[in-house]
Amino acid sequence: MRGEVLHYDEDHGFGFITGADGNRYTFAREDLRREATIGRGAAIEFQPAGGRAREIFSICAQTASPPADAPAAIAAPTQTGNAPVAPQHFGRFAENAPATDLWSYFRRGLTENYFNFAGRARRKEYWGYCLFWAIALIVVVGVGLFIDDAMGDLDELPAATVGLCGAFVLATIPPWIGLNVRRLHDIGLTGWLFLALLIPTIGWLIILVFALIPTQARENQWGPVPAGVRA
């Protein structure tokens with residue numbers, strides 16, 4: 001069946017397709033039949049399986065079929081010698097799969113996932129972001145103190161330190177909220193539970209408990225298992 005990509009989150013490998021029949025289908029990175037650029041608005045072919053799309057490939061990525069009278073050497077390129085063809089990996093094991101190291105999680109949190117409240121975030125992503133956020137805050141404080149010391153403001157109000165820290169914290173609030181929402185999705189809960197943070201005294205403790213719960217090792221309504229997690 002033909003369709004069109006409505007949304008695809010490359011980081012989490014999850015998206016939606018609208019089919020020629022007017023229905024909406026979900027799909028994951030492992031449902032891509034061949035390595036191709038899949039983005040919003042891309043025309044694709046897929047096999048519907050209930051409410052999920054499988055065997056997806058981009059129509060634009062198809063190569064033109066050789067003419068019937070074309071020589072066999074042109075229609076099917078031969079290998080040199082007996083060297084085996086290197087296997088290609090797609091889906092979760094594709095070469096272009098997102099990196100899963102701590103720094104990459106923090107970097108994507110401040111760029112690609114700045115206003116991302118959809119999908120899932122594993123524990124490693126959550127704590128990797130928190131680690132480098134704390135390191136960045138220490139650096140910002142150090143720069144502010146250096147400026148205040150140079151201006152002779154340390155004995156009074158350290159304006160530079162307060163200003164830099166305030167700007168940094170405000171700038172990182174949206175990705176932090178989005179990270180917590182995706183962390184709740186990852187354990188099978190609604191992101192609205194993040195509002196538990198507003199409960200006096202124990203709100204932060206509730207969020208901490210949510211952050212420590214292991215990833216659901218299966219696909220849920222917010223997307224497939226995050227890259228790097230053994231399902």
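Which residues are linked with Arg120 in a network of salt bridges? In this predicted model, where local features need pLDDT of at least 70 and side-chain atom pairs count only at pLDDT 80 or more, totals for chains, interfaces and linings use all residues. Residues are numbered from 1 along each chain as its sequence is written, and side-chain values use heavy atoms, with hydrogens and water left out.

The network consists of Arg120, Arg183 and Asp186. A salt bridge here is a side-chain nitrogen of Lys or Arg within 4 Å of a carboxyl oxygen of Asp or Glu, and the structure holds 4 of them. Arginine 120 meets aspartate 186 at 3.0 Å, N to O. Arginine 120 sits in the loop between helix 2 and helix 3 while aspartate 186 belongs to helix 5, so this pair ties together parts that are 66 residues apart in sequence. (Helices are DSSP runs of H or I with at least four residues, strands are runs of E with at least two, and both are numbered from the N terminus.) Arginine 183 joins in with its closest N at 2.7 Å from an O of aspartate 186; these two both lie in helix 5, 3 residues apart, or about one turn. Arginine 120 is buried at a relative accessible area of 1%, and aspartate 186 is buried at 0%. Buried means under 20% relative accessible area, exposed over 50%, and partly exposed in between, with a 1.4 Å probe and protein chains only.

Another bridge pairs glutamate 45 with arginine 2, again at 3.0 Å, N to O. This one links strand 4 (residues 43–49) to strand 1 (residues 2–9), with the partners 43 residues apart. Glutamate 45 counts as buried, at 19%.

Turning to the nonpolar parts, the largest core has 15 residues, of which Tyr126, Leu179, Leu184, Ile207 and Phe210 touch the most other members. A core is a set of buried Ala, Val, Leu, Ile, Met, Phe, Trp, Tyr and Cys residues joined through side-chain atoms within 4.5 Å. Helix 3, helix 4 (159–171), helix 5 (173–186) and helix 6 (203–212) each supply at least two residues of this core, and helix 3 gives the largest share, 4 residues. A second, separate core of 12 residues includes Ile17, Phe27, Leu32 and Phe46.

Asparagine 180, found in helix 5, is buried at 4% relative accessibility. Leaving aside residues up to four places away in sequence, asparagine 180 touches Tyr126, Phe194 and Ile207, where contact means heavy atoms within 4.5 Å.
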